[in-house]
Amino acid sequence: MKLLVIGSGGREHALAWKLLQSPRVSHVYVAPGNGGTATMARCSNLALSNPAALADFAKTEGIALTVVGPEAPLAQGVVDAFRAQGLKIFGPTRAAAQLESSKDFAKAFMVRHRIPTALYQTFTEPTAAHAYIDAQGAPIVIKADGLAAGKGVVVALTLTEAHEAVDAMLGDGSLGAAGARVVIEECLLGEEASFIVLCDGKNILPLATSQDHKRLQDADQGPNTGGMGAYSPAPVVSQTIHQRVMNEVIKPTIQGMTTDGIPFTGFLYAGLMIDDGDDATRAIKVLEFNCRLGDPETQPILMRMRSDLLEVFEQAVNGTLDQAEIDWDPRTSLGVVMASANYPLTPRLGDLITGIPAAQPDCVVFHAGTTLKDEALQTSGGRVLCVTALADNVRATQQRAYQTVHSINFDGAQYRTDIGWRALEKNT
């Protein structure tokens with residue numbers, strides 16, 4: 001079988017890597033792919049991005065199944081384009097992807113279906129937004145309504161930061177259409193967790209739990225990023241919390257989308273804030289919905305997956321996820337993101353990358369912002385690599401990952417040295 005993965009990041013490299021482990025997969029195309037997918041056996045990069053062109057390629061090439069990685073193609077309607085040609089594709093329709101592509105849509109949906117989330121208001125006019133911030137005080141969260149490639153959320157600790165964020169989004173147009181409307185919401189406190197499930201429109205299959213590290217620097221300092229590392233499983237998601245998330249967040253969301261006439265298929269990612277206290281009573285609130293696998297959560301999650309991912313996707317596109325099961329490695333997996341100089345502002349590109357070791361059963365380096373130029377690997381984006389390891393416990397996994405990080409070189413490389421710190425804190 002020939003498969004197609006849409007996207008160019010570490011998530012897509014990990015998906016291609018995992019799908020190629022299936023004995024029934026002969027080749028995986030990645031559109032547009034990166035330096036890592038370009039050098040994998042039985043894998044080819046594809047210089048296509050238009051939904052219609054991708055659908056035409058899938059039909060002509062006899063692609064058995066397509067998986068969508070990032071949010072932009074979903075918002076453009078790539079799933080609708082494929083289904084219109086009778087092609088099998090895993091992901092939400094353009095209408096369903098509004099859960100991610102519009103913060104205002106998602107917040108209104110959650111309120112309507114009584115899914116716990118932060119209090120909020122939406123604004124298109126700066127004066128009203130500034131007045132609301134002054135009335136609410138800080139800390140407060142400012143979000144661009146549309147897709148902003150991980151740059152549309154500001155957790156403002158002071159009123160000055162909040163006002164500057166509104167001016168940047170509504171005032172100067174630096175985020176384009178994404179910032180034409182802003183959602184301002186209360187700042188939730190607690191511990192974050194990523195809860196990702198597969199949906200076939202009716203049935204739900206949860207993936208292993210994980211926890212992301214959004215801030216650029218150690219101890220959760222510095223600006224928000226697309227994610228500087230992740231690990232799986234996440235200790236904060238106990239069996240009690242897991243069941244509560246399913247009952248209070250995931251099931252009502254899938255049922256609510258069906259009620260609203262927009263059945264949801266694809267990955268549903270609930271970014272959660274879980275406050276302190278007893279697991280049976282502590283508050284669980286949704287920070288955001290994504291309609292895709294998280295990045296960098298995908299990398300450690302797939303390192304732990306023992307099952308054939310192709311078989312899971314087949315059940316999903318056939319509407320039989322209730323018959324699917326996933327076997328998880330009980331060990332801990334942890335991924336450390338190596339980012340380019342000046343990330344997350346204006347990342348420096350074109351730096352030579354050396355020292356990446358060959359993939360091992362306990363450590364794989366997944367590429368994100370890399371490209372091959374004259375047979376040399378160079379940085380081509382903000383988040384460059386995700387060094388992902390697997391070991392018996394968090395400490396051992398952390399040591400294995402950083403051992404590999406220290407062997408890789410490119411000018412200006414930056415990374416956190418404390419990925420997994422919350423899990424280690426809980427174990428001491």
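A residue is called buried when its relative accessible area is under 20%, exposed when that area is over 50%, and partly exposed in between, as computed with a 1.4 Å probe on protein chains only. Helices (H or I, at least four residues) and strands (E, at least two) are DSSP runs, numbered from the N terminus. The structure is a predicted model, in which local features need pLDDT of at least 70 and side-chain atom pairs count only at pLDDT 80 or more, while totals for chains, interfaces and linings use all residues. Residues are numbered from 1 along each chain as its sequence is written, and side-chain values use heavy atoms, with hydrogens and water left out.

In helix 1, the buried residues are Gly10, Arg11, Glu12, His13, Ala14, Leu15, Ala16, Trp17, Lys18 and Leu19. Because 10 of the 10 residues of helix 1 are buried, the helix is largely enclosed by the rest of the structure. Helix 1 (residues 10-19) packs against helix 12 (residues 309-317) at an angle of about 105 degrees, and the two axes are 8 Å apart. Axes are lines fitted to C-alpha atoms, for helices over the stretch in contact, and angles run from 0 to 180 degrees between N-to-C directions. Angles under 35 degrees count as roughly parallel, over 145 as roughly antiparallel, 65 to 115 as roughly perpendicular and the rest as oblique. Helix 1 and helix 12 are therefore roughly perpendicular to each other. Leu15, Lys18 and Leu19 of helix 1 make the contact (heavy atoms within 4.5 Å) with Leu309, Leu310 and Phe313 of helix 12. By class, this contact of helix 1 with helix 12 has 5 nonpolar, no polar and 1 charged residues. Here Ala, Val, Leu, Ile, Met, Phe, Trp, Tyr, Cys and Pro count as nonpolar, Asp, Glu, Lys and Arg as charged, and the others, Gly among them, as polar.

Gly7 is part of strand 1 (residues 2-7) and is buried, with a relative accessible area of 4%. Leaving aside residues up to four places away in sequence, Gly7 touches Glu12, Val30, Ala31, Pro32, Gly33 and Pro70. The C-alpha atoms of Gly7 and Gly381 are separated by 13 Å, although these residues are 374 residues apart along the chain.

Rings of Phe, Tyr and Trp (its six-membered ring) pair if their centres lie within 6.5 Å; planes under 30 degrees apart count as stacked, over 60 as edge-to-face and the rest as tilted. The count comes to 7 aromatic pairs. The pair of Tyr29 and Phe57 is edge-to-face, because the ring centres are 5.1 Å apart and the planes stand at 75 degrees. Tyr29 lies in strand 2 (residues 27-32) and Phe57 in helix 3 (residues 51-61), so the pair ties together parts that are 28 residues apart in sequence. Both partners are buried, Tyr29 with a relative accessible area of 13% and Phe57 at 15% relative accessibility. Tyr402 and Tyr415 form a tilted pair, 6.3 Å centre to centre with 45 degrees between the planes. Tyr402 is buried, with a relative accessible area of 7%, whereas Tyr415 is partly exposed at 28%. One aromatic cluster is formed by Phe90, Phe267 and Phe313.

A disulfide is a pair of cysteine sulfur atoms within 2.5 Å, and the count comes to 0 disulfides. The cysteine sulfur closest to that of Cys291 is in Cys199, at 9.5 Å, which is too far for a bond. Cys291 is buried, with a relative accessible area of 2%, while Cys187 is partly exposed at 21% relative accessibility.
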